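Let's take a friendly walk through a protein together.

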Amino acid sequence: YWMTPTSKTKYKRAGNLPINYDLSFTNNDVYFTATQFNVNAQIKTQMSEGWLSQTSVAHTSNDINGPMLSLNGITDSTLTRSITAGVNNYQTFQIQQNFIGDFKIGDKRSRIVLGLNYLDYNDNANTTSLNMDTANFVHPTKSYYNFNMAAVNSRLADASYKKSAGDQKSYSAYISDVFSLRDNLNLMASLRVDRFENGGNHNDL
């Protein structure tokens with residue numbers, strides 16, 4: 001539920017609205033599906049007595065399909081029922097390489113991590129947004145019950161869909177060292193450098 005305070009309403013927070021929370025403002029046949037696929041892999045290699053190599057790879061894909069309902073307050077007693085329908089896909093790919101050292105310099109112990117990280121995020125969508133109707137949430141009328149999948153499909157039949165795509169990347173390098181001066185005294189120093197690339201969103205109007 002979204003509400004933008006304007007001169008048309010005295011309520012500044014949605015929680016103060018005299019809304020009947022027993023009303024769903026939708027129908028059981030209006031729903032969307034969401035699926036998620038995850039792959040994770042990790043390889044550890046003992047390079048020597050004091051050094052370990054750790055490589056991690058992760059990929060996630062999310063798909064959302066179907067009409068999503070949003071309620072937008074416009075006055076003290078009315079709201080609009082809007083839907084966003086179509087297909088959304090979000091994907092991330094990440095690879096990380098760490099070199100982990102645990103050794104002594106003289107009689108002092110040093111634990112160090114050197115690493116590189118690459119992250120890629122992209123999204124693709126083919127969606128449309130529609131204002132379905134206006135409903136009175138204080139005194140619902142018969143039109144309250146007219147929101148169903150048949151009504152949604154009727155509006156979607158003539159709707160225009162818009163394709164969009166976005167891409168973001170990040171590159172990271174880091175090093176961290178914990179040096180033990182004594183059994184009860186450790187010194188830690190860390191450095192991390194990140195580069196972010198935002199390809200923006202591209203719309204096919």
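Predicted model: local features only at pLDDT ≥ 70, side-chain atom pairs only at ≥ 80, totals over all residues.

## Strands side by side

Start with strand S5, which covers residues 78-105, and strand S6, which covers residues 108-136. The two pair in the antiparallel sense, and 28 bridges join them. At the hairpin of S5 and S6, two residues lie between the strands.

Now look at another partner of S6. Strand S7, residues 162-182, runs antiparallel to S6, with 19 bridges between them. Here Asp-123 has Gly-166 in S7 as its bridge partner. While you trace these strands, keep a general idea in mind: side chains in a regular strand alternate between the two faces of the sheet.

## Nonpolar cores

Which residues make up the largest nonpolar core? There are ten of them: Val-30, Ile-83, Ala-85, Leu-130, Met-132, Phe-147, Met-149, Val-152, Leu-156 and Ala-159. Strands S5 and S6 and helix H1 (149-156) are the elements that each give two or more residues to this core. H1 gives the most, with three residues.

Leaving out residues up to four places away in sequence, Phe-147 touches Phe-25, Thr-26, Asn-27, Val-30, Leu-69, Arg-81, Ile-83, Met-132 and Val-152. Another core, of nine residues, lies apart from the largest one, and its members include Leu-17, Leu-79, Phe-137 and Tyr-144.

Met-47, Phe-99, Leu-114, Ile-175, Leu-191 and Val-193 make a nonpolar surface patch of about 520 Å². To find Met-47, look in the loop between strand S2 (33-46) and strand S3 (51-65).

## Salt bridges

Next come the charged side chains. In general, side chains of opposite charge can pair when their charged atoms come close. How many salt bridges does the model have? The count comes to six.

One of them joins the side chains of Arg-81 and Asp-133, at 2.8 Å from N to O. This pair links distant parts of the chain, since Arg-81 belongs to strand S5 and Asp-133 to strand S6, 52 residues apart. Is Arg-81 buried or exposed? Arg-81 counts as buried because its relative accessible area is 0%, under the 20% cut-off. Asp-133, at 22% relative accessibility, is partly exposed. Arg-81 is also one of the residues that Phe-147 touches.

Another salt bridge is formed by Asp-167 and Lys-169, whose closest N and O atoms are 2.5 Å apart. Asp-167 is partly exposed, at 24% relative accessibility, and Lys-169 is partly exposed too, at 23%. Glu-197 and Arg-195 also meet through their side chains in a salt bridge, at 3.2 Å from N to O. Glu-197 is partly exposed, with 32% relative accessibility, whereas Arg-195 counts as exposed because its value is 53%, over the 50% cut-off. Finally, salt bridges with shared partners join Asp-120, Asp-167 and Lys-169 into one network.

Methods:
Residues numbered from 1 in each chain as written. Heavy atoms only, no water. Pairing = 2+ DSSP bridges. Helix = DSSP H or I, 4+ residues; strand = E, 2+ residues; numbered from the N terminus. Core = buried A, V, L, I, M, F, W, Y, C linked by side-chain atoms within 4.5 Å. Buried < 20%, exposed > 50% of the residue type's maximum accessible area, 1.4 Å probe, protein only. Contact = heavy atoms within 4.5 Å. Patch = residues over 30% accessible without salt bridge, like charges linked within 9 Å, V, L, I, M, F, W, Y side chains within 5 Å. Areas by Shrake-Rupley, 256 points an atom, 1.4 Å probe, with all protein chains shown as cover. Salt bridge = Lys/Arg side-chain N within 4 Å of Asp/Glu carboxyl O.
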